[in-house]
Each structure stands twice: as C-alpha cells, then as structure tokens.
Amino acid sequence: MSRLAPNTFVTFCKGMDLSTLSGIFAEAGCPALTSGESSGWVWVTHDATARHGQAVWELARNITGYRYAERVGEPDRVETVFLASTSACDCPHGQNYMVPHCTEHPFQFTHSRGGFEQTYFNFGARRESRRAGGMADLLVRELLDAGIVGRDTPKYDTDPGFNADGTHTVRIIADHFGLPSPPLGLTG
C-alpha cells in the first residue's frame, strides 16, 4: 500500500534539481519540511495544516511553467505530481471537479506540465470518477482495471470501505509516474 503521512503535502518534480525546487519553495515562504531525490524525481514535503497550503499546491503547478524558465533551462521538460493527505473538501463546491476547492482543501492529486494541471482529482470513496484537466483520463485505464472507477466496481459492492482513504489510488499514481517510495511509505 501507499500512504502519505497524515496532513502532508508532497510535491514531486522531474526536470529540476533539488536545490532549485527547495529554493523556489523557500523564496515563496514555504520552506520544505523534508526533501529528497531518487529515480529521477526530487521532492519536498510540507505540513498541510500550516497557513501556506494554497501557496504550496499552486506553486506545484506554477513551477512547471515559463515563470521559472531561467532556473530550469527547458521548462517544457518540467513536470510535477502533487499529493495531499488531507480530507476531500466538504465545502458545497468541493464536489464539483471543475470548481477550485477552498484554500484549505486542494485537490489531493494534480499532475502539472507547462504551468497547467493536466489531471486532477480527489482520491478515495469513488472520488476518482470526478477527474478534470487537459488530460483528465490519463490514469483512467489503471483506475478501471483496479475497479476504482467505471460502471463495474465489484470491490466497492462487496467492501464498502474499499479504497476509502485512497491508498490504492496513491499506489496507481506512484506506479504510473515511477515515483520514489520514501515520502510515500510504499510497501508491498
């Protein structure tokens, strides 16, 4: 299973070195709680209960655009995967995938390139069926095969608690992007 520590934001970045990624977050007033690099990815983590939550998830998207091109060299090769172990937004607009969440509840998964979210959604309890972004169906095959989305979801029918916390979804995301395990706590 894949589990993020509770109330954690983790931003994985490919195409940027760790000192640049950490520096950008620190300059924005969001110094990393932890950081590391492995398998071609660098990452920083943040406490999701801190006041800079919106800045963290917006910066995870923005660093893939041309605003930081002078630090990267080839911004079109920068991509990020942002994960949040916060609860899905219970705000009235939180169920609508095309409407941004409130500042306390970012989407739990976003994949960004070129300064835009390519795919974003919340995970667990069938929330993955409400996906959006330029490539909203990027992970649909894996989610269908796992019985997390689609018309035929027998695991939910037999076990109402199946994937309630999104651990199966996080595993699919990690496998799809080849994310390193240290910040995710991956186990067999």
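Helices (H or I, at least four residues) and strands (E, at least two) are DSSP runs, numbered from the N terminus.

You're looking at a predicted model, where local features need pLDDT of at least 70, side-chain atom pairs count only at pLDDT 80 or more, and totals for chains, interfaces and linings use all residues. Residues are numbered from 1 along each chain as its sequence is written, and side-chain values use heavy atoms, leaving out hydrogens and water.

Now show side chains on α1: Leu18, Thr20, Leu21, Ile24 and Phe25 are its buried residues (under 20% relative accessible area with a 1.4 Å probe, protein chains only; exposed is over 50%, partly exposed in between). Step just past α1 to Gly29, which has a positive phi of about 85 degrees.

**On to the sheet**

Colour the six strands: they make an open, antiparallel sheet ordered β2-β3-β1-β4-β5-β6, where pairing takes at least two DSSP bridges between two strands. β2 (34-38) and β6 (116-121) are at the edges with a single partner strand each, so one side of each has no neighbour in the sheet.

Next, pick β1 (residues 8-14) and β3 (residues 41-47), an antiparallel pair with six bridges. Click Cys13: its bridge partner in β3 is Val42, and at 1% relative accessibility Cys13 is buried.
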